[in-house]
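Q: Can you walk me through this one? I'd like the sheet and the salt bridges.

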Amino acid sequence: MSNPYVPIPARVEKVTIENDARDLKTFELSFLDPAMRMSYTPGQFGFISIVGVGEAPFGIASAPHEERVWFTVKRVGEFTTALHELEAGTRVGVRGPYGNSYPLDLMKGKDVVIVSGGFSFTTLRSTIAHLLRPEVRQDYGDITCVYGARSPGELLYKDELREWEKRTDLKLVLCADRLSGADWPRTEGLVPNVLKEVAPGAANAVALVCGPPIMIKFTHPALELLGFAPDRVFLSLENRMKCGIGKCGRCNVGEKYVCKDGPVFSHAELKNLPADY
Ligand SMILES: Cc1cc2nc3c(=O)[nH]c(=O)nc-3n(C[C@H](O)[C@H](O)[C@H](O)COP(=O)(O)OP(=O)(O)OC[C@H]3O[C@@H](n4cnc5c(N)ncnc54)[C@H](O)[C@@H]3O)c2cc1C
Ligand code: FES
């Protein structure tokens with residue numbers, strides 16, 4: 001029986017600094033043995049490990065069809081600082097994918113509304129890149145995305161966002177809390193307020209939300225006001241984790257394990273759980 005804790009050997013192929021503060025980097029990884037390449041769906045996460053340092057969980061930012069697996073990581077403590085010091089060519093380990101994904105089947109035939117703030121955009125970037133594939137796009141209705149950050153320099157994947165803004169099959173509204181003279185993006189405002197202004201229809205739609213707790217707190221009433229029922233709103237949680245496979249009890253919210261039952265939950269499910277997230 002294979003050991004679920006054994007990481008798959010991978011190589012860092014590219015490191016991109018994402019923001020002005022230089023504390024957010026995207027790591028593009030490839031697996032040393034292509035036969036061991038991880039297959040995953042948008043919303044899932046994996047653990048990156050560095051020998052002698054440790055490991056930590058991160059949402060998968062690449063889409064399933066993309067050759068390399070991307071993780072976008074904020075430098076906050078010991079492990080993420082060690083990861084930020086790695087350069088292209090370094091070996092790391094990856095285990096996963098873990099958890100459930102965004103409800104791609106439920107979303108079929110419906111409009112999709114994506115709401116995100118700051119660096120939590122990672123797994124939603126995976127979702128959008130997946131939905132925009134020509135062979136997939138036709139299965140979904142209108143796609144609206146409201147994505148914001150404190151300042152323009154903190155938005156992730158800026159080159160790609162500029163390309164996505166030009167598309168006619170995606171309504172992308174980028175915003176920043178403060179524009180401070182910047183000429184891009186053009187909308188100033190907090191994500192929940194901008195969402196209310198954009199006012200995507202809720203009649204046949206599913207909303208996916210990922211962001212800092214304060215954004216989530218104000219996004220729920222905004223979505224409710226727009227007519228989204230709690231079972232049509234999905235959130236991804238990032239509770240502290242150790243094993244990632246439902247063994248250690250580190251990540252639970254009530255009787256649910258975020259690593260195994262989540263990280264994606266509907267707002268209806270979360271309403272019945274203690275607010276340990
Ligand atoms: C399912 C999942 C997906 C995640 N996806 C991403 C991602 O895409 N990008 C990313 O940068 N991070 C992500 N995280 C958080 C990431 O795992 C932590 O930032 C990392 O473990 C910190 O390790 P560290 O040793 O550098 O910091 P530590 O020394 O462990 O902690 C440093 C600081 O960060 C805080 N912290 C640590 N873990 C978390 C957490 N899970 N939630 C909130 N605060 C935390 C601590 O309270 C402390 O203040 C995710 C976590 C989970 C569970
Ligand atoms: S992280 Fe161990 S049970 Fe979820």
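This is a predicted model: local features need pLDDT of at least 70, side-chain atom pairs count only at pLDDT 80 or more; totals for chains, interfaces and linings use all residues.

Q: What is the strand order in the open sheet?
A: The order is β4-β3-β6-β1-β2-β5, six strands in an open sheet with antiparallel pairing. β4 (54–59) and β5 (69–74) sit at the edges with a single partner strand each, so one side of each has no neighbour in the sheet. The twist averages 40° from one strand to the next.

Q: How many bridges join β3 to β6?
A: Four, between residues 45–50 and residues 91–98. I48 has V94 as its bridge partner in β6.

Q: Switching to charges. How many salt bridges are there?
A: Twelve. One of them is E28 with R68, where the closest N and O atoms are 3.1 Å apart. E28 is in strand β2 and R68 is in the loop between β4 and β5, so the pair ties together parts 40 residues apart in sequence.

Q: Is E28 buried or exposed?
A: Buried, at 10% relative accessible area. R68 is partly exposed at 29%.

Q: What does D169 pair with?
A: R137 forms a salt bridge with D169 at 3.9 Å between the closest N and O atoms. R137 is in helix α4 and D169 in the loop between α5 and β9, so this pair links parts 32 residues apart in sequence. R167 also forms a salt bridge with D169, at 2.8 Å.

Q: And how accessible are R137, D169 and R167?
A: R137 is buried at 13%. D169 is partly exposed at 23%, and R167 is partly exposed at 32%.

Q: Which residues are linked in a network of salt bridges?
A: E66, R125 and E160.

Conventions:
Residues are numbered from 1 along each chain as its sequence is written. Chains are lettered from A and ligands numbered from 1 in the order in which they are written. Side-chain values use heavy atoms; hydrogens and water are left out. Two strands pair if DSSP finds at least two bridges between them. Helices (H or I, at least four residues) and strands (E, at least two) are DSSP runs, numbered from the N terminus. Axes are lines fitted to C-alpha atoms, for helices over the stretch in contact, and angles run from 0 to 180 degrees between N-to-C directions. A salt bridge is a side-chain nitrogen of Lys or Arg within 4 Å of a carboxyl oxygen of Asp or Glu. Buried means under 20% relative accessible area, exposed over 50%, partly exposed in between (1.4 Å probe, protein chains only).
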